[in-house]
Amino acid sequence: MINTAGLRGDYSKAGPDYAVEQEWGEYTPEEHALYRRLFERQSNLVPRYACPEWIEAIGRLDAARKIPRFDEISSKLKARTGWEIVAVPGLIPDDAFFTHLANRRFPVTVWLRRPDEFDYIVEPDVFHDFFGHVPLLFDRTYADHLYEYGKGGLKAMRLDAVKMLARLYWYTIEFGLMNTPAGVRAYGAGLLSSGGELAYCVEDPRPRRLPFELERIMRTDYQIDRYQDTYFVIDSFDQLMRETAPDFTPIYARIRSCA
Ligand code: PHE
Ligand code: FE
């Protein structure tokens, strides 16, 4: 469980699955304007640094001017890959998170950061969750993989292996890179929504960019408060799907026995 008392969102109206109403009408003009500025800054970077699947999807979303209405996005998403957005107050416990993914529901935080958090924010907000994660849910393979990840998360809870599985999420869904004909590109949401790390992860000579390797990822700790010094690079979402398909039970056991 997480202690929601230390978190920023309002959990008082959340249901047992942590879902809330988006209450779109409550966003202020200042919040829409801040969202628009965040969107503009990232939009200038993504043509150079984002993977083609993300660029393809954002084009059909019409989400540049205002904080999007989740119900509108959900109907488009549902028609395409069967996913929908569920509004949440912020971070939610593992079991609720995995259960949403295993039902093709992606939890998106309702609140937006403050203007002084333009460049960096500790807890994920609606800009990170929406801009970083939602476009790729239009890609069938990525969407199917995330559904499998959700089911794998519930299984990992039973096996007491969430920490190892969370590293996979971190180095793929949040900070993953992909080889493309144009060079290495970002597909991780933490990169796509970052003003600084998006260029850094692709261009800076300092970080290591290692080929995707499941067991190594599951053994690799990560830092949440600075740019990564190691990225893992996939060749395609098909590869990600393929390499995460085997039963993780013996892999968890092996890693544990070496730890
Ligand atoms: N294959 C994993 C398991 O057996 C489940 C999984 C699939 C996890 C895809 C992550 C991504 O536990
Ligand atoms: Fe995220």
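Patches, in what follows, are made of residues with over 30% relative accessible area and no salt bridge, where like charges are joined within 9 Å and nonpolar side chains (Val, Leu, Ile, Met, Phe, Trp, Tyr) within 5 Å. Lys and Arg count as positive and Asp and Glu as negative, while His and the chain ends are not counted. The place of a charge is NZ of Lys, CZ of Arg, CG of Asp or CD of Glu. Accessible areas come from the Shrake-Rupley method with a 1.4 Å probe, and for residues only the protein chains shown count as cover.

Now the model itself. It is predicted, so local features need pLDDT of at least 70 and side-chain atom pairs count only at pLDDT 80 or more, while totals for chains, interfaces and linings use all residues. Residues are numbered from 1 along each chain as its sequence is written, chains are lettered from A and ligands numbered from 1 in the order in which they are written, and side-chain values use heavy atoms, with hydrogens and water left out.

Asp10, Glu21, Glu23 and Glu26 form a negative patch. Glutamate 23 sits in the segment before H1; helices here are DSSP runs (H or I, at least four residues), strands are runs of E of at least two, and both are numbered from the N terminus. With 42% relative accessibility, glutamate 23 is partly exposed, a class that lies between buried (under 20% relative accessible area) and exposed (over 50%), using a 1.4 Å probe and protein chains only.

There is a positive patch as well, made by Arg36, Arg65, Lys66 and Arg69. Where is arginine 65? It is in the loop between helix H2 (52-58) and helix H3 (70-81), and its relative accessibility of 56% makes arginine 65 exposed.

Next, salt bridges. The structure has 15 of them, each being a side-chain nitrogen of Lys or Arg within 4 Å of a carboxyl oxygen of Asp or Glu. One of them joins aspartate 119 to arginine 41, with the closest N and O atoms 2.5 Å apart. Aspartate 119 is in the loop between strand S2 (105-109) and H5, and arginine 41 is in helix H1 (residues 29-49), so this pair ties together parts that are 78 residues apart in sequence. Aspartate 119 is exposed, at 59% relative accessible area.

Another bridge links lysine 78 and glutamate 84, at 3.6 Å from N to O. Lysine 78 is partly exposed at 46%, and glutamate 84 is partly exposed at 25%. Aspartate 229 and arginine 226 also pair, at 3.3 Å from N to O. Arg8, Arg114, Asp116 and Glu117 are linked in a salt-bridge network.

Now the inside. A nonpolar core is a set of buried Ala, Val, Leu, Ile, Met, Phe, Trp, Tyr and Cys residues joined through side-chain atoms within 4.5 Å. Which residues touch the most other members of the largest core? They are Trp54, Leu146 and Tyr187, in a core of 87 residues. Helix H7 (residues 162-174) gives this core its largest share, eight residues. H7 is largely enclosed by the rest of the structure, because 11 of its 13 residues are buried. Among them are Arg167, Trp170 and Glu174.

Last, histidine 128. This residue is in helix H5 (residues 126-133) and is buried, at 10% relative accessible area. Its C-alpha atom is 9.1 Å from that of leucine 112, which is 16 residues away along the chain.
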